[in-house]
Amino acid sequence: MADHTGLFVTFEGGEGAGKSTQIRRLADRLRRAGHDVLLTREPGGSPGAEAVRHVLLSGAAEAYGTRMEAILFAAARNDHVEEVIRPALKTGAIVLCDRFIDSSRVYQGATGNLDPDLIEALQRIAIDGVLPDCTIILDLPAEKGLERARRRGGDAAPDRFEREEVETHETRREAYLAIAENDPSRCRVIDAERSEDEIAEEIAAIIEPMAKISAATTVDAAR
Ligand code: TYD
């Protein structure tokens with residue numbers, strides 16, 4: 001377990017894997033069971049990070065290169081961690097975050113061709129020890145995810161990262177699977193091709209027992 005009370009769970013995956021729906025369902029379920037839940041997302045989640053989100057997703061930073069983008073993602077993450085995530089974990093809350101460090105490893109590292117050492121150095125500074133207790137990776141073939149994302153977006157223009165080719169999205173899928181293989185105690189890969197209900201049940205079966213342990217630990221720590 002990481003060095004904090006509370007429970008820190010991140011959700012990862014490619015476009016259209018159903019992260020937002022599943023994270024909302026899990027938050028509702030944990031709240032109904034009486035837990036204090038903070039639902040947040042990256043890039044963003046704090047006022048400073050939301051300002052940087054706009055710069056990144058509009059594509060305004062694209063012209064300056066992947067390195068610049070990676071540093072901006074890390075800057076936003078550091079603000080989010082220090083202003084929102086770490087304080088919430090200190091109170092014993094369950095923090096559910098839509099995307100976190102693995103998105104940088106995958107998007108800026110695997111498909112941005114940045115040196116993994118640079119990515120890891122940025123992550124160390126960005127999170128300063130606040131590592132997820134569990135990371136749910138929603139796994140879906142790239143083609144299917146893009147189809148879903150397009151349908152969901154309707155006539156809205158795709159964002160800077162959605163515009164890329166299927167091949168790029170498939171590379172990301174493989175990069176996520178490699179992260180999970182290298183860190184099996186933190187990561188859980190979920191088959192996202194099944195029904196929304198089945199996926200929600202599988203995620204709840206992983207997180208609910210962790211939430212119970214965390215609640216018990218928080219009570220002990222407060223004594
Ligand atoms: P968003 O609109 O939040 O969509 P979703 O999470 O549903 O895909 O878009 C966030 C985009 O930012 C997404 O395409 C992935 C990208 N991203 C990175 O490239 N690196 C990062 O570190 C993070 C957090 C996100």
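The report below takes up the ligand, then the pocket, then the cavity.

## Basis of the report

This is a predicted model, in which local features need pLDDT of at least 70 and side-chain atom pairs count only at pLDDT 80 or more, while totals for chains, interfaces and linings use all residues. Residues are numbered from 1 along each chain as its sequence is written, and side-chain values use heavy atoms, with hydrogens and water left out.

## Residues around the ligand

Polar contacts here are pairs of N or O atoms within 3.5 Å. A polar side-chain atom of Ser 104 lies 2.6 Å from an oxygen atom of the ligand, one of Arg 99 lies 2.7 Å from a ligand oxygen atom, and one of Glu 15 lies 3.2 Å from a ligand oxygen atom. Taken alone the ligand exposes 540 Å², of which the protein buries 91%, with areas from the Shrake-Rupley method and a 1.4 Å probe.

## The largest pocket

The ligand takes up the space of the largest pocket, a pocket being an open set of points on a 1 Å grid over the protein atoms alone, with protein on both sides within 12 Å along at least five of seven lines; a molecule sits in it if more than half of its atoms lie within 2 Å of its grid points. About 840 Å³ of space lies in this pocket, and of its 38 lining residues (those with an atom within 4 Å of a point), Lys 19, Ser 20, Asp 98, Arg 99 and Arg 152 are the closest to its centre. The lining comprises 16 charged, eleven polar and eleven nonpolar residues, and α1 gives the most to it, with six residues.

## The largest cavity

A search of the whole structure finds one cavity of 30 Å³ or more, a cavity being a set of points where a 1.4 Å probe fits but cannot get out. The largest cavity holds about 150 Å³ of space and is lined by 17 residues, of which Gly 13, Gly 14, Leu 140, His 169 and Arg 173 lie nearest its centre. Nine of the lining residues are nonpolar, four polar and four charged.

Terms used: A polar contact is a pair of N or O atoms within 3.5 Å; within protein, one must be able to donate a hydrogen and the other to accept it, and residues adjacent in sequence count only if both atoms are side-chain atoms. Grid points are joined across faces, edges and corners, and a volume is the space filled by probe spheres set on the points. Ala, Val, Leu, Ile, Met, Phe, Trp, Tyr, Cys and Pro count as nonpolar, Asp, Glu, Lys and Arg as charged, and the others, Gly among them, as polar. Helices (H or I, at least four residues) and strands (E, at least two) are DSSP runs, numbered from the N terminus.
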